[in-house]
Amino acid sequence: MGQGRITRASSAQAEDLNPYHIAQQQFDNAIRYLPGIDEGLREFLRRTNRLLEFAFPVEMDDGKVRTFVGFRALHSRVRGPGKGGIRFHPDVSRDEVRALAFWMTWKCAVADVPFGGAKGGVVCEPKELSERELRRITRRYIAELGDNIGPYTDIPAPDVNTSSKTMAWIYDTYEMMHAGKNNLPVVTGKPVELGGSLGRREATARGALFSTQRALNRGVVPGLGSVAGTEIVIQGFGNAGAIAAELFQEAGGRVIAVSDTSGAVYAREGIDAPSIARYKERTGSVKGFEGTATIGDDELLELDCDILIPAALENQIRSDNAGAIRAKLVVEAANGPTTPAADAILFGRGIPVIPDILANSGGVTVSYFEWVQNIENEQWNLEDVNRKLLKKMDAATDAVIQTQQSINESVASGSGGESTSEPLNLVDLRTAAYVLALGRVVRIAGERGIWP
Ligand code: NAD
């Protein structure tokens, strides 16, 4: 994940696992299908607009002072203010936040919400920190960011190991520094009683379900027309994964395996999602849940199932295990779980991947709804939020599938694309999503012009 894990020596074919390099490879691949983009603009969109890095002191519960390192990357504000989560994790690095910010730009464009891409993080292990320590880290990190975030410039949200509670501390810190105006839209994913949107907590998973249902309905997996009756495997049992388990089960799917950092559990006859969520809340892990067998982390990814949902971290499906994936469909609730080499293997094997920039865009979509509600001083009801989310996810999924079909028709007929010596290939859904997003961003860049 981090810069320290650039290659996997154990892999037969060493793969570059630096997430920022991966993000740029995806960009380079997609842009070949969009001829005529000014070279300078390409270069700008390929890079990070701004990257902040700071070290700051925090007083720990034992009275000692520890230094933490935090980052905030802004990839692009072409389509609107920067938008992106804040991650607390030991592997947070410059290149990880740059990659995550980059993906946010294309995700917001696919979802068609008026934001650019940003992301932040603090290098820390939350499991080893008390709530008071986490609060002090959050407050100091936000104070260090100062006016580099703001309701109309760059708007944080939750990500790995941060929650609505963290967002409340972010709001409160910013509010202390900017009293006297409506600061609610400075951060999304807040508690509902503090201006959070109904449905935001479930939005990433609900969006993934809506996108999956639409894609299946449109024939993305031959012979599989609906989530009802499918067998589902989920890696990662946090905000995205645990709620996906509940929602996919409600939609008629059967969850047969789940995992978290403590390990993976499996039951072919099905694991009741709400019960294992309660068990995890009580015990802190999914391991040992009644009626399940413990399996290896790698084994989980390779289970025979209909839908595999990676909902943890980057680089989980790689060149060394993509050949062993037996799912009929991969739905990326996590950001960056599949490497470019794995994408090529899965595409070659006829296993479609609903890419992160589409599959998990429900989170930022409802964050956008929250931002609008905050600006208008309103609270929408849950039915309205979910109805609007469904409309957005259907439109985004349709647009990605349509883009894939039109590119592949022109590739098959030998027309279109860039006139390079390199032949253009049939594209997967990820490349199609990038082409769609890039087209939207480039059009707005053209309309705005380059300042000054
Ligand atoms: P979270 O902290 O709530 O949950 C992460 C889960 O993954 C935890 O259960 C953790 O134990 C598990 N995990 C971590 N490493 C693992 C491993 N190697 N194997 C198995 N499980 C592992 O975080 P989250 O918000 O659910 O984020 C998960 C993913 O979804 C990230 O890639 C994040 O960027 C993405 N995402 C989140 C949101 C959101 O709104 N929270 C939106 C879009 C995308």
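A: In this predicted model, the axes of helix 1 (residues 19–31) and helix 14 (residues 429–448) come within 9 Å of each other and cross at roughly 75°. Helices here are DSSP runs of H or I with at least four residues, and strands are E runs of at least two, both numbered from the N terminus. An axis is a line fitted to C-alpha atoms, for helices over the stretch in contact, and angles run from 0 to 180 degrees between N-to-C directions. Helix 1 and helix 14 are therefore roughly perpendicular, the term for 65 to 115 degrees; under 35 counts as roughly parallel, over 145 as roughly antiparallel, and the rest as oblique.

On the helix 1 side, Ala23, Gln26, Phe27, Asn29, Ala30 and Ile31 make the contact (heavy atoms within 4.5 Å); their counterparts in helix 14 are Arg430, Thr431, Tyr434, Val435 and Leu438. By class, seven of these residues are nonpolar, three polar and one charged. Nonpolar covers Ala, Val, Leu, Ile, Met, Phe, Trp, Tyr, Cys and Pro; charged covers Asp, Glu, Lys and Arg; the others, Gly among them, are polar.

Helix 14 also packs against helix 3 (residues 94–111), at about 85° and with the axes 8 Å apart. That makes helix 3 roughly perpendicular to helix 14. Helix 3 contributes Phe102, Trp103, Thr105, Trp106, Ala109 and Val110, and helix 14 contributes Ala433, Tyr434, Ala437, Leu438, Arg440 and Val441. This contact has 10 nonpolar residues, one polar and one charged.

Five strands form an open sheet with mixed pairing, in the order 1-2-4-3-5; two strands pair if DSSP finds at least two bridges between them. Strand 1 (50–59) and strand 5 (154–158) are the edges, each pairing on one side only. On average, neighbouring strands are turned by 25° against each other, direction ignored. Strand 2 (residues 65–76) runs antiparallel to strand 4 (residues 116–123) over six bridges, and Arg72 has Gly120 in strand 4 as its bridge partner.

Last, the ligand. It is surrounded by 23 residues, the closest being Asp159, Thr204, Asn239, Ala240 and Asn335, where near means a heavy atom within 4 Å. An N or O atom in the side chain of Asn335 is 2.8 Å from a ligand oxygen atom. A backbone N or O atom of Gly238 lies 3.3 Å from an oxygen atom of the ligand.

Residues are numbered from 1 along each chain as its sequence is written, and side-chain values use heavy atoms, leaving out hydrogens and water. Local features need pLDDT of at least 70 and side-chain atom pairs count only at pLDDT 80 or more, while totals for chains, interfaces and linings use all residues.

Notes. A polar contact is a pair of N or O atoms within 3.5 Å; within protein, one must be able to donate a hydrogen and the other to accept it, and residues adjacent in sequence count only if both atoms are side-chain atoms.
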